[in-house]
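Subject: Handover of a structure and notes on its contents

Dear colleague,

Please find below the structure that I am handing over to you.

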Amino acid sequence: MSDSVIQLDGINHSYGDLTVLDRISFQVRRAESLAIVGPSGCGKTTLLRIIGGDLTPSNGRIRRAGRVRTVHQRSGLLPWRTVAENIELGLRNGSPLSRKQPELQDLLRLFRLERFADFYPHQLSGGMRQRAEVGRALAGETEILLLDEPFSSLDYLTRLRLRNELVELLRIRPRTVVLVTHDVTEAAQLADRILVLSDRPAIIRREIRIESMRPREPTSPEVVRVAHEILSELGLEHDLRNGVADSAVPMI
Ligand SMILES: Nc1ncnc2c1ncn2[C@@H]1O[C@H](COP(=O)(O)OP(=O)(O)O)[C@@H](O)[C@H]1O
Ligand SMILES: [Mg+2]
């Protein structure tokens, strides 16, 4: 209990008459990576906004220990700032930039963004923008990283590459992660634990623990098995077997 960084107790949320979340309770331990998977519109973004403190739930208690950064589906980079300036903003915690210069250079190298340091977001590809966005979120001393379908707007190969990079970055800079995704392979590859939500109003249908350590290959037997398990929990395994879903990247 003592190493839990996020704790939700009986969270309910309604937008007016529309009940979105129903008695959601769970904890996330320090440096754990938790994935949340569920049907479109079931309340995943709402849940992440509650965890991040952007939204007060209608009922229930939330406790969070540490600073939070959120990465959204589409880039939240400041368009009038360069890549380096955006990352520098993530880094700065009231300390002067001059002291942060060496760390900024290290980060640009780590995120493979050196060549793009002086580019503005609109000059980057979608993949580069999300890489810079994740970079900015991992800069500085943030403890909690919230990812809301961070790679879903990207093409398949870029998504695979960024996923692998994220695993590596988290090895170097461990963070407590909550990842919302509708890509079941992504959940099985990145998470230590997966919560499968129901249709709205969302309840936690199932919790799946993944025993093997990260990094995991997207094609490893355990990742494939867990991906099937999630789909089967959502009643979608049939689509996967019949090739209706893209068999390489089952999405819901
Ligand atoms: N600010 C809001 N006001 C009213 N309804 C909202 C608001 N945000 C989301 N909703 C509704 O709540 C439901 C859950 O939304 P959301 O949390 O974005 O789901 P998900 O991220 O799982 O797709 C949807 O039906 C959505 O239309
Ligand atoms: Mg959403």
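This is a predicted model: local features need pLDDT of at least 70, side-chain atom pairs count only at pLDDT 80 or more; totals for chains, interfaces and linings use all residues.

The six-stranded sheet

One open sheet consists of 6 strands, arranged in the order β5-β6-β7-β3-β8-β9, and its pairing is mixed. As a general point, the strands of a sheet pair through backbone hydrogen bonds, and they may do so in a parallel or an antiparallel manner. The edges of this sheet are taken by β5 (68-71) and β9 (204-209); each has a single partner strand, so one side of each is left without a neighbour in the sheet. On average, neighbouring strands here are turned by 15 degrees against each other, direction ignored.

With β7 (residues 176-180) it pairs in the parallel sense over 4 bridges, and Ser-33 stands opposite Val-177 in β7. With β8 it also runs parallel, joined by 4 bridges; here Leu-34 stands opposite Arg-193 in β8. Strand β8 (residues 193-197) pairs in turn with β9, in the antiparallel sense and over 5 bridges. In that pairing, Arg-193 is found opposite Arg-209 of β9.

The three-stranded sheet

A further open sheet is formed by 3 strands in the order β2-β1-β4, with antiparallel pairing. Strands β2 and β4 (59-64) lie at the edges with a single partner strand each, so one side of each is left without a neighbour in the sheet. The twist from one strand to the next averages 15 degrees. Strand β1 (residues 4-15) is joined to β4 over 5 bridges in the antiparallel sense, and Asn-12 has Asn-59 in β4 as its bridge partner.

Helix α7

Helix α7 runs over residues 221-233 and has 13 residues. From its first C-alpha to its last it reaches 18 Å, close to the 18 Å expected at 1.5 Å a residue. Which residues of α7 are buried? They are Val-223, Val-226, Ala-227, Ile-230 and Leu-231. These five cover an arc of only 140 degrees around the axis, which puts them on the same side of α7. The face turned away from that buried side carries the exposed residues Pro-221 and Arg-225. Just after α7, Gly-235 takes a positive phi of about 75 degrees.

The surroundings of ligand 1

The residues around ligand 1 include Tyr-15, Leu-18, Val-20, Lys-44, Thr-45, Thr-46 and Arg-200. The element that gives the most is α1, with 3 residues. By type, the shell divides into 4 nonpolar, 6 polar and 2 charged residues.

With kind regards,
A colleague

Technical notes:
Residues are numbered from 1 along each chain as its sequence is written. Chains are lettered from A and ligands numbered from 1 in the order in which they are written. A residue is near a molecule or strand if its C-beta atom, placed from the backbone, lies within 6 Å of it. Helices (H or I, at least four residues) and strands (E, at least two) are DSSP runs, numbered from the N terminus. Ala, Val, Leu, Ile, Met, Phe, Trp, Tyr, Cys and Pro count as nonpolar, Asp, Glu, Lys and Arg as charged, and the others, Gly among them, as polar. The expected span of a helix is 1.5 Å times one less than its number of residues. A residue is buried if 20 or more other C-beta atoms lie within 10 Å of its own, exposed if 12 or fewer, and partly exposed in between; C-beta atoms are placed from the backbone. The arc is that of the directions from the helix axis to the C-beta atoms. Two strands pair if DSSP finds at least two bridges between them. Axes are lines fitted to C-alpha atoms, for helices over the stretch in contact, and angles run from 0 to 180 degrees between N-to-C directions.
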